Amino acid sequence: MKPSEGHPMPSRNNPERSIRVWFRLIRLEARMQAAVSERLRLIGLSIPQCDVLTTLSEEEGVSQQELAKRLYVTKGNISGLLDRLESAGMVERRPAASDRRQHSIRLTETGRAAAMKALAVQHRWVASTLGRMNEADLEALETQLIALRDAVREAQEPEKVGTAPA
């Protein structure tokens with residue numbers, strides 16, 4: 001069905017371009033994930049494992065619930081991830097001092113080393129891609145991405161079926 005047949009227009013100014021840009025962003029994100037995933041696989045990590053390790057390298061001792069929130073995953077997903085990382089000797093769960101029912105998640109030395117390798121992999125990849133852009137273009141891209149992020153946050157709630165956007 002065409003936008004003119006009852007669907008809201010994606011952009012008042014140029015609906016075709018906004019759809020095209022959206023598809024480009026989605027495809028670019030998928031390519032970026034695949035490229036980084038392949039490089040992380042060479043050091044024995046998945047992207048989700050890398051996310052956990054690098055997040056813990058920034059702040060250890062967080063609860064499983066807090067870690068899930070930071071990574072935008074469910075408690076069930078983080079539980080399985082932590083189980084696998086714990087089995088691999090990369091993280092450990094310690095009873096939280098404030099609440100013995102919760103656990104504080106910490107990196108082991110093996111996990112810290114893996115996090116540092118993963119960060120190095122990511123930094124090399126970023127240098128080979130975004131790092132090739134000149135400063136003005138990077139600044140403009142960052143400005144646009146922040147504006148898009150803000151628009152996405154504002155539109156976080158799904159529209160009710162059958163209603164037109166304001």
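1. Overall make-up. The model is predicted, and its protein chain holds six helices and three strands, which follow one another from the N terminus in the order α-α-β-α-α-β-β-α-α. Of the 166 residues in the protein chain, 23% are buried.

2. Helix 2 against helix 3. Helix 2 covers residues 47–58 and helix 3 covers residues 64–71, and their axes come within 11 Å of each other while crossing at roughly 110°. An angle from 65 to 115 degrees counts as roughly perpendicular, and helix 2 and helix 3 are therefore described as roughly perpendicular to each other. The handedness of this crossing is right-handed. On the side of helix 2 the contact involves D51, V52, T55 and L56, which meet L67, R70 and L71 of helix 3. Sorted by class, the residues of this contact are four nonpolar, one polar and two charged.

3. T55 belongs to helix 2, and with a relative accessible area of 12% it is buried, since buried means under 20%. Leaving aside residues up to four places away in sequence, T55 touches L67, R70 and L71, and these are the residues of helix 3 that take part in the contact with helix 2.

4. Helix 2 against helix 4. The axes of helix 2 and helix 4 come within 10 Å and cross at roughly 80°, and the two helices are therefore also roughly perpendicular to each other. Here P48, Q49, V52 and L53 of helix 2 meet I78, L81, L82 and L85 of helix 4. The classes in this contact are seven nonpolar, one polar and no charged residues. V52 is listed in the contact of helix 2 with helix 3 and again in the contact of helix 2 with helix 4.

5. Helix 3 against helix 4. Helix 3 and helix 4 pack with their axes 9 Å apart, at an angle of about 110°, and this pair is therefore roughly perpendicular as well. Helix 3 contributes Q64, Q65, L67, A68 and L71 to the contact, and helix 4 contributes K75, I78, S79 and L82. By class, the residues of the contact of helix 3 with helix 4 divide into five nonpolar, three polar and one charged.

6. The buried side of helix 3. Which residues of helix 3 are buried? They are L67, A68 and L71, and, seen down the axis of helix 3, these buried residues fall within an arc of 100°, so they line one face of the helix. The buried residues of helix 3 pack against helix 2, against strand 1 (62–63), against helix 4 (75–87) and against strand 3 (103–107).

7. Y72 after helix 3. Helix 3 is followed by Y72, which lies in the loop between helix 3 and helix 4. Its backbone deserves a look, for Y72 has a positive phi of about 60° although it is not a glycine. Is Y72 buried or exposed? At 77% relative accessibility Y72 counts as exposed, because the class of exposed residues begins over 50%.

8. A118 in helix 5. A118 has its place in helix 5, which spans residues 109–128, and it is buried, with a relative accessible area of 0%. Not counting residues up to four places away in sequence, A118 touches L40, I43, L45, C50 and T54. With L45, the C-alpha to C-alpha distance is 7.9 Å, although A118 and L45 are 73 residues apart in sequence. C50 and T54, which are among the residues touched by A118, fall within the range of residues 47–58 that makes up helix 2.

Key. Residues are numbered from 1 along each chain as its sequence is written. This is a predicted model: local features need pLDDT of at least 70, side-chain atom pairs count only at pLDDT 80 or more; totals for chains, interfaces and linings use all residues. Side-chain values use heavy atoms; hydrogens and water are left out. Axes are lines fitted to C-alpha atoms, for helices over the stretch in contact, and angles run from 0 to 180 degrees between N-to-C directions. Helices (H or I, at least four residues) and strands (E, at least two) are DSSP runs, numbered from the N terminus. Angles under 35 degrees count as roughly parallel, over 145 as roughly antiparallel, 65 to 115 as roughly perpendicular and the rest as oblique. A crossing is left-handed if the near helix is turned anticlockwise from the far one by less than a right angle, and right-handed if clockwise. Contact means heavy atoms within 4.5 Å. Ala, Val, Leu, Ile, Met, Phe, Trp, Tyr, Cys and Pro count as nonpolar, Asp, Glu, Lys and Arg as charged, and the others, Gly among them, as polar. Buried means under 20% relative accessible area, exposed over 50%, partly exposed in between (1.4 Å probe, protein chains only). The arc is that of the directions from the helix axis to the C-beta atoms.
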